[in-house]
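Morning, everyone. Please bring up the model on your screens. I'll walk through it piece by piece.

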Amino acid sequence: MNPKIRTYLKANAQAAPLAVFRIFFGLMMVISIIRFWYNGWIEKLYIAPKFFFSYYGFEWIRPLGNFTYLLFILCGVSAFFVALGYKYRIAILVFFLSFTYIELMDKTTYLNHYYFVSILSFLMLFLPANAYFSVDALKNKTIAYDRIPRWCIDILKLLLCMVYFYAGLAKLNSDWLFDAMPLKIWLPSKFDVPLLGDFLQQSWSHYTFSWAGMLYDLMIPFLLLYRRTRWLAFGLVVVFHLLTRVLFPIGMFPYIMIVSALIFFDADLHHRILKVVGRIISIDKTRFDTGRTLRFSSRYKKWAMPVIGVFFVVQLLLPWRYLVYPGELFWTEEGYRFSWRVMLMEKAGYAQFKVVDGKSKKWFYVDNSDFLTPFQEKQMATQPDFILQYAKFLAKNFKKQGHGNLEIYVESYVALNGRKSTSFINPDVNLLTFKDSFESKTFILPFHDTIKGL
């Protein structure tokens, strides 16, 4: 091993930043689960639908009927225990598994920040986030430390930097920078936003937001890492994410990113935060100042470090997998998910499915509302893997009703980022001749335009 790397891995840092991160992360997750339940989204998204769009390879993960509520309770309780640092190892594992299961139940609900929470909670499995200012440390002094390996904090910084930087790279495309799309579509609809409503109607403001968003994502990691610009950067983080929260319905994600940015600050700030928290819950923070330094065993390092290394290699490479697919990424969306391409396009589509008896040639159209919710139908109409999966579901359903020799075709039209609606899926192709896989879907018609950029 390189001597500099060996020296770095032996370096330690105060545990307070990780404790603050754990507390705020857990609380944000608790609020998210309560909010999801309060708004009736468990029923609407995971119980009411008749059909669910599974991720390829994870078809066995399905909603659990009314027991889905218990899954959310389990997720929320484990998040609360994470915040407390109570039974932390079990709590973070249960949270990771339950939250990820929820995320994988239906890809209709895919959001980048759900993916972010899943991989972040996976990373936290390896971190001693309960070593300081936790119930665990309070009850068991043998696991209480006020200094931990420095890399335990730095890998959280690295993950946040990757998310921001990849989001910035994704904005380096001609639609975003030179046509201000899709902000030119979205922002004028926010005419009722106080103070900003009139401003958002102006064309130049759409370009301002587009370029500012790109520069923010690319530069904010470096501004947060550099001590002299850290407070300025944090101010930008707060303004940027509160503004996106006002303009767009993206839930708790802005607040998660704001509190996560605190990890970049020196330990002094986190000690002040913990003093305030201690006063609120009537616990003297000095009870956790043991003067002890955590050092992982060689056995732990031998298996944990390779896993973490592979994790980051995957995160570095996964956003680039779209390069192995032909065609325009925004059109085909092959390799689009899990790549930090946040709010880059507006797609509207229409998909009419035709069920044909291959022998008699008799046919009929499908009323999608018989099987899909309006939200599912909207998502399905613009995403090829959804269209293929839905076609196979229709075939299975109509076979049960006695129909044979089935062939299924779709007449599909999609409008991308303000362009005119054009044919999306080859209407002469029987979708049942294709298997769901990671291979390129050749039934997608070509995109008759060019979007330059990454």
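This is a predicted model: local features need pLDDT of at least 70, side-chain atom pairs count only at pLDDT 80 or more; totals for chains, interfaces and linings use all residues.

Residues are numbered from 1 along each chain as its sequence is written, and side-chain values use heavy atoms, with hydrogens and water left out.

Helices first. Helices (H or I, at least four residues) and strands (E, at least two) are DSSP runs, numbered from the N terminus. The expected span of a helix is 1.5 Å times one less than its number of residues.

Take helix H14, residues 267-280. Its 14 residues should span 20 Å at 1.5 Å a residue, and the end C-alpha atoms are 20 Å apart, which agrees. Which residues of H14 are buried? They are Ala 267, Leu 269, His 270, His 271, Ile 273, Leu 274, Val 277 and Gly 278. Buried means under 20% relative accessible area, exposed means over 50%, and partly exposed is in between, with a 1.4 Å probe and protein chains only. Those buried residues pack against strand S1 (12-14), helix H2 (16-38) and helix H12 (230-247). Contact here means heavy atoms within 4.5 Å. Just after H14, Ser 282 takes a positive phi of about 60°.

Now H12 itself. This helix has 18 residues and reaches 25 Å from first C-alpha to last, close to the 26 Å expected at 1.5 Å a residue. Its buried residues are Arg 230, Ala 233, Phe 234, Val 237, His 241, Thr 244 and Leu 247. Keep the geometry in mind: an α-helix has 3.6 residues a turn, so residues three or four places apart point the same way. The cover over the buried residues of H12 includes helix H8 (151-170), helix H11 (203-225) and helix H13 (253-260).

Next, the core. A nonpolar core is a set of buried Ala, Val, Leu, Ile, Met, Phe, Trp, Tyr and Cys residues joined through side-chain atoms within 4.5 Å. The largest one has 149 residues. Phe 25, Phe 116, Phe 353, Met 380, Tyr 390, Leu 394 and Leu 431 have the most contacts inside it. H8 gives this core its largest share, 14 residues. What does Phe 25 touch, leaving out residues up to four places away in sequence? Val 82, Phe 95, Val 117, Leu 120, Ser 121 and Met 124.

On a 1 Å grid over the protein atoms alone, a cavity is a set of points where a 1.4 Å probe fits but cannot get out; a pocket is an open set with protein on both sides within 12 Å along at least five of seven lines; lining residues have an atom within 4 Å of a point. Grid points are joined across faces, edges and corners, and a volume is the space filled by probe spheres set on the points.

The second largest pocket holds about 1,000 Å³ of space. It is lined by 39 residues, and Tyr 55, Tyr 56, Phe 58, Phe 338 and Phe 438 lie nearest its centre. Helix H5 (88-104), helix H6 (112-124), helix H15 (298-317) and helix H18 (384-400) each give two or more residues to this lining. H5 gives the largest share, six residues.

How many cavities of 30 Å³ or more are there? Three.

Last, some single residues. Ser 210 sits in helix H11. Ser 210 is buried, because its relative accessible area is 0%. Beyond its neighbours within four places in sequence, Ser 210 contacts Trp 176, Ala 180 and Leu 183.

Ala 180 lies in the loop between H9 and H10. Its phi is near 55°, positive in a residue other than glycine. Is Ala 180 buried or exposed? At 0% relative accessibility, Ala 180 counts as buried. In that loop, between helix H9 (174-178) and helix H10 (183-186), we also find Pro 182. A cis peptide bond joins Met 181 and Pro 182, with omega about 10°.
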